[in-house]
Amino acid sequence: MRQAHEKEDRDVTSHPSRRAVRGAFVTTAAVVAAVLPTTPGNAQPSAADALAKFNELSQKATQLNQDKLKAQGDLTAKQGELDRAKATLATAQEAARLQRGQVDLLTEVSYSGARFNQLSALLVSDSQQDFLNRMSALNILAADNAEAMRKLTSAIDAADAATRTADEATEASKKLLAEIDQKSADLQKQLNDARTQYDSLSASTKSSLKNGGDMSAIQAPPGTAGKALQFALDQRGDRYVHGATGPDAWDCSSLIQAAYRFANVSIGRTSYDQAKAGRAVSRGEVKPGDIIVYYSGQSHVAMAVDSVRAVHASTEGVPVRIADIDSIGPISVIRRISD
């Protein structure tokens, strides 16, 4: 027994590396335990992260909304084109029908034995004047026949062209309808994601988002731009709803369109159209009433209150309110509608 203990002591003494390895393992385990997070793996993101995610999802929904609105506008234009093509086709078909009748009549007369030539005119003429009169009549008939054929050919060509245009417009309309359906589905999914994220926000964050901001009286300048600005300012506190056009709920571009409509100026419905309205001005030239379009995709729009602030319909859960121009997002273009 004593020999066994002595052997064990000798083994431990003769292998100091084993003790070192054992000690190193304990030390490493302690270090790992110290640096590993003590919070659960499914810890909730910070309030700032949750808000940033909500803003990101909302911005994507805003762009999808503008895409859908653009497709709807394209469809309206294409349907107008289709209506015009159908009207042109109907006119061309009626013209072809009438000209075909005229040609058929002349052909029938010719086949029934009428001889429209100089010899027949000479043989049946009673005098030189009668011959000249008959020749004149024959020339007129020949000219009428040629003109009728020309008009018939032209009417048939017009009808064919109108048919092609109508067919193309019909196919384009079908594609746009399918595109609108897809964009509507994409938008709804994006809205659901944004609303889920909104529900995860803290009560204090939601309260901050719902705040209408500066509701003080602001004197807009005189003129067209000032009139539009006053309209936009009067909507502060109204809800944001994708696709809404007022009077108590708006999306970003419908607010701007309605404001300028109030000032008797017609501009496009989408932020994409509004990014091309009026003339471009620089950031340093901004004045009340200017349209400020944001993001590289030009998916959001606001109206300058002055050189520092803008009023805009931001996103769901946030009312129409004033914000710092540069805080809204990266500016794509600034447009002046009226000087």
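On a 1 Å grid over the protein atoms alone, a pocket is an open set of points where a 1.4 Å probe fits, with protein on both sides within 12 Å along at least five of seven lines, and its lining residues have an atom within 4 Å of a point. This is a predicted model, where local features need pLDDT of at least 70, side-chain atom pairs count only at pLDDT 80 or more, and totals for chains, interfaces and linings use all residues. Residues are numbered from 1 along each chain as its sequence is written, and side-chain values use heavy atoms, with hydrogens and water left out.

**The largest pocket**
- The largest pocket holds about 390 Å³ of space, a volume being the space filled by probe spheres set on the points.
- Of its 16 lining residues, Asn55, His312, Ser314, Thr315 and Ile328 sit nearest the centre.
- Helix α3 (47-111) gives the most to this lining, with 5 residues; helices (H or I, at least four residues) and strands (E, at least two) are DSSP runs, numbered from the N terminus.

**Where α7 meets α8**
- The axes of α7 (residues 224-234) and α8 (residues 252-262) come within 8 Å and cross at roughly 130°; axes are lines fitted to C-alpha atoms over the stretch in contact, and angles run from 0 to 180 degrees between N-to-C directions.
- Residues of α7, including Phe231 and Ala232, meet residues of α8, including Leu255 and Tyr260, with contact meaning heavy atoms within 4.5 Å.

- Most residues other than glycine have a negative phi, and most peptide bonds are trans.
- Glycine 246 and proline 247 are joined by a cis peptide bond, with omega about 0°.
- You'll find proline 247 in the loop between β1 (239-240) and β2 (249-250).
- Asparagine 264 isn't a glycine, yet has a positive phi of about 65°.
- Look for asparagine 264 in the loop between α8 and α9 (271-274).
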